[in-house]
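Q: I've got a structure open and I'm new to this. Could you walk me through it?

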Amino acid sequence: MRILVLFTRDLRVHDHPALSAACRAGNEVEPLFVLDPRMLRVSANRSRFLVDALRDLDASLARRGARLVIRSGDPGRVAVDEALRHGCDAIHLTADVTGPARRRLASLRRGPVPVRSFPGHGVVEPGAVAPAGRPAYRVFTPYARAWFATDRRPVLRAPASVVPIPEVDHGIHPSADELPPGAPHLPAGGESEGRARLTRFLRRGPHRYGADRDDLAADATSRLSAFLRFGCLSATQVAERAETHPESRAFLRQLAWRDFFLQLVAADPALTHEDLRPERASAWRRDRVAFDAWREGCTGVRIVDAGMRQLLAEGWMPNRARLITASFLTRTMAVDWRWGAAHFAEHLVDGDPASNAGNWQWVAGTGASPRRGIAMNPDRQAARFDPDGAYRARWLDRER
């Protein structure tokens, strides 16, 4: 058989159910990634990370006998055309929950080539646990109880070999030189870098994560979120490896939060831009001047400005800084959470649609929080999580 594997947000060879199934019994495989020009325009930071990840995936496939095939255009239509051109008997891909992912899957299924979708994006896949009579949990705590109690699929080894379809041209791979400049201090992307970072994080010990992750100056988070967003790391494998360390529950809860937001968007893809609880929505101000000051890190509130300048410099912020800056925009400035979510989506290397919108709504009060939002006092947050001012000094008291 010949099978086309369409890579999307699963840019790895380890623990990849769709790729592993395609490689069984010596099938010929076309590993395909379709660059959608529309997506490349959304975020320069993520586009640059993506190019790194594609280069690393190609190298991993090459060590197993194949090459990553790169095409450009609409992913659904291009994948069907490729499958027909090379006589593929099936198309494999990893299931996803967003609106674009659903439209891609619908486009694939309108074609004449059979399509199989596989798990691989979450630890607990959307729909695997649900409250009675509802498609998804709307409160995290009961979801987390179910999440920790749920059996997971087994972690798969990387295929020892990938047999390529002989006549396929692997195409022209993109270069970062062709992309607009991103933030000056972006991380390198790809599975190899992600696995190395995971090993370093686990060597330090996840037992410190619960106590240290909110210490803004300590930079004690895992920094794995971008690698999970692009699927350079399998969330299931990250959870399995973390569980071998004592006191890893605080870290595992962050993976549960990620799956929580995935299952909400799986039940209603509109939640990436619409309120989960519209009855709680505020009368938002459309204050462009105030918003511009916030996004440029020029509000005059140092803890807020430090977070926003870190975002511009690194394409990343620790979760505590995200909460502080989001609360300031929505609860203090009364600006629509969608404006802030769009700014984060443009700059965050780990800008996952479900987690980004879910966290913004949680802070703004229109989402999964049992309360009407989180109004954080920035002075108290600074005193608690940056008591000696080291974080603020790092991002404000130096030349930009």
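A: Before we start, one term is needed: two residues are in contact when heavy atoms of theirs lie within 4.5 Å. Please also keep in mind that this is a predicted model.

Q: Where is Asp15 found, and is it buried or exposed?

A: Asp15 is found in the loop between β1 (2-7) and α1 (17-23), and it counts as buried because its relative accessibility is 0%.

Q: Which backbone nitrogen lies 2.8 Å from a polar atom of its side chain?

A: That is the backbone nitrogen of Leu156, which lies 2.8 Å from a polar atom of the Asp15 side chain.

Q: What about Asn45?

A: Asn45 is found in helix α3, which covers residues 44-62, and with 4% relative accessibility it counts as buried. Its side chain reaches the backbone nitrogen of Ala183 at 2.7 Å. Not counting residues up to four places away in sequence, Asn45 touches Gly182, Ala183, Leu186, Gly315, His347 and Val349.

Q: Let's zoom out. How many helices and strands does the chain have?

A: The chain has 18 helices and six strands. Its radius of gyration is 21 Å, close to the 21 Å that the globule rule gives for 400 residues, so the chain is as compact as a globular protein of that length. Along the principal axes, its C-alpha atoms fill a box of roughly 60 × 50 × 45 Å.

Q: And how much of the chain is buried?

A: Buried residues make up 57% of the 400 residues. The accessible surface comes to about 17,200 Å², and 50% of that belongs to carbon and sulfur atoms.

Q: Which residues in the largest nonpolar core touch the most other members?

A: That core has 101 residues, and those touching the most other members are Leu11, Phe33, Leu255, Phe260 and Trp294. Helix α11 (residues 249-267) gives the most to this core, with ten residues. Apart from it lies another core, of 17 residues, among them Leu32, Val34, Cys88 and Ile165. As background, nonpolar side chains in soluble globular proteins tend to be buried together.

Q: What does Trp294 touch?

A: Not counting residues up to four places away in sequence, Trp294 touches several residues, including Thr299, Met308, Phe328, His343 and Trp360.

Q: You mentioned Cys88. How many disulfides does the structure hold?

A: The structure holds zero disulfides.

Q: Are Cys88 and Cys298 buried or exposed, or in between?

A: Cys88 counts as buried, at 9% relative accessibility, whereas Cys298, at 42%, counts as partly exposed.

Q: Last one: where is Arg109 found, and what does it touch?

A: Arg109 is found in helix α5, residues 99-110, and it touches Val115 and Ser117 when residues up to four places away in sequence are not counted. The C-alpha atoms of Arg109 and Pro378 are separated by 49 Å, and these residues are 269 apart along the chain.

How values were computed:
Residues numbered from 1 in each chain as written. Predicted model: local features only at pLDDT ≥ 70, side-chain atom pairs only at ≥ 80, totals over all residues. Heavy atoms only, no water. Disulfide = S-S within 2.5 Å. Buried < 20%, exposed > 50% of the residue type's maximum accessible area, 1.4 Å probe, protein only. Helix = DSSP H or I, 4+ residues; strand = E, 2+ residues; numbered from the N terminus. Polar contact = N/O pair within 3.5 Å; in protein donor to acceptor, adjacent residues only side chain to side chain. Rg over C-alpha atoms; globule rule 2.2 N^0.38 Å. Areas by Shrake-Rupley, 256 points an atom, 1.4 Å probe, with all protein chains shown as cover. Core = buried A, V, L, I, M, F, W, Y, C linked by side-chain atoms within 4.5 Å.
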